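User: Could you walk me through the aromatic contacts in this one? Please give me your cut-offs as you go.

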Amino acid sequence: MARSALLNVMVQAAMKAGRSLSRDFGEVQNLQVSMKGPGDYVSQADRKAEDILFTELSKARPGYAFLMEERGAVAGDDGQHRWLVDPLDGTTNFLHGIPLFAISIALERQGQIVAGVVYNPAMDELYTAERGGGAFMNDRRLRVAGRTKLTDAVIGCGVPHLGRGQHGNFLVELRNVMAEVSGVRRLGSASLDLAYVAAGRMDGFWEVGLSAWDIAAGLLLIREAGGFVSDFAGGQEMLEGGSVVAGNEVIQRALLKTVKKPVTPR
Ligand code: 2AM
Ligand code: CA
């Protein structure tokens with residue numbers, strides 16, 4: 001498959017950081033049996049992957065700004081471009097030896113996401129999209145699932161973390177959704193959740209409280225695979241507000257309505 005120079009840069013960086021994460025993931029699996037667990041080791045793996053991405057992307061595109069999970073905002077003198085990078089999305093999975101984690105890289109040009117890469121090195125699944133150019137997994141063109149009834153749909157979600165978010169609100173959303181769909185899944189990596197919707201593996205997804213680096217690449221994957229995304233208000237402020245509802249045109253609309261239903265007695 002012929003990729004643009006820009007996507008090549010992103011893919012090369014993701015693969016290099018992916019090799020580093022894969023090596024560390026192997027070690028993490030060995031550390032599970034220790035009492036302390038692999039906590040510090042994982043923080044180091046995360047930082048190492050971020051360093052690789054920062055170095056590779058800066059080398060290939062000098063002057064672009066960054067927003068990275070660990071480093072935060074890094075200014076660039078280019079003025080038009082910004083990388084949104086999560087070096088390890090799905091940290092809890094990684095820590096526990098579950099192979100559902102990914103590197104997520106998006107490029108914003110004048111405030112618009114124009115390219116996205118999500119790479120799961122444990123499964124060697126590489127998701128790429130460029131605005132107007134379609135979405136791919138490895139060499140296969142992606143299309144969102146065609147199911148139009150919630151009763152047939154498998155819907156992904158994110159559960160608010162310990163000490164974060166509104167657990168009560170989530171329980172209401174979950175009760176609403178599980179009453180209407182075929183099944184609910186919780187993978188623990190928002191970038192992969194969105195990639196799975198783009199690939200037609202899950203019919204839809206919702207989550208709140210996310211950060212821009214978790215979702216920027218995945219949102220483009222879904223749009224380029226023919227899907228629809230909105231925030232919880234039905235608008236397009238996903239990166240700013242951190243809420244996402246995704247699916248094909250029919251499922252997205254139905255899911256948005258369902259998650260926001262008021263509490264109904266059991
Ligand atoms: P992370 O692994 O990079 O932190 C799962 O629901 C999503 O939430 C993942 O993409 C995960 O990204 C993110 N996440 C994990 N812990 C979090 C926390 N304490 N606060 C906010 N988001 C978190
Ligand atoms: Ca993340």
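Analyst: A residue counts as buried under 20% relative accessible area, exposed over 50% and partly exposed in between, with a 1.4 Å probe and protein chains only. Because Tyr64 has 13% relative accessibility, it counts as buried, and Trp83 is buried too, with a relative accessible area of 0%. This is a predicted model, in which local features need pLDDT of at least 70 and side-chain atom pairs count only at pLDDT 80 or more, while totals for chains, interfaces and linings use all residues. Side-chain values use heavy atoms, without hydrogens and water, and residues are numbered from 1 along each chain as its sequence is written.

User: How many aromatic pairs does a search of the whole structure find?

Analyst: The search finds 6, where rings of Phe, Tyr and Trp (its six-membered ring) pair if their centres lie within 6.5 Å, and planes under 30 degrees apart count as stacked, over 60 as edge-to-face and the rest as tilted. In one of them, the ring centres of Phe25 and Phe94 are 5.4 Å apart with planes at 45 degrees, so this pair is tilted.

User: Switching topic, which ring does the charged end of Arg71 sit over?

Analyst: That of Phe54, 4.2 Å from its centre, the criterion being NZ of Lys or CZ of Arg within 6 Å of the ring centre and within 35 degrees of the ring normal.

How values were computed: Chains lettered and ligands numbered in written order.
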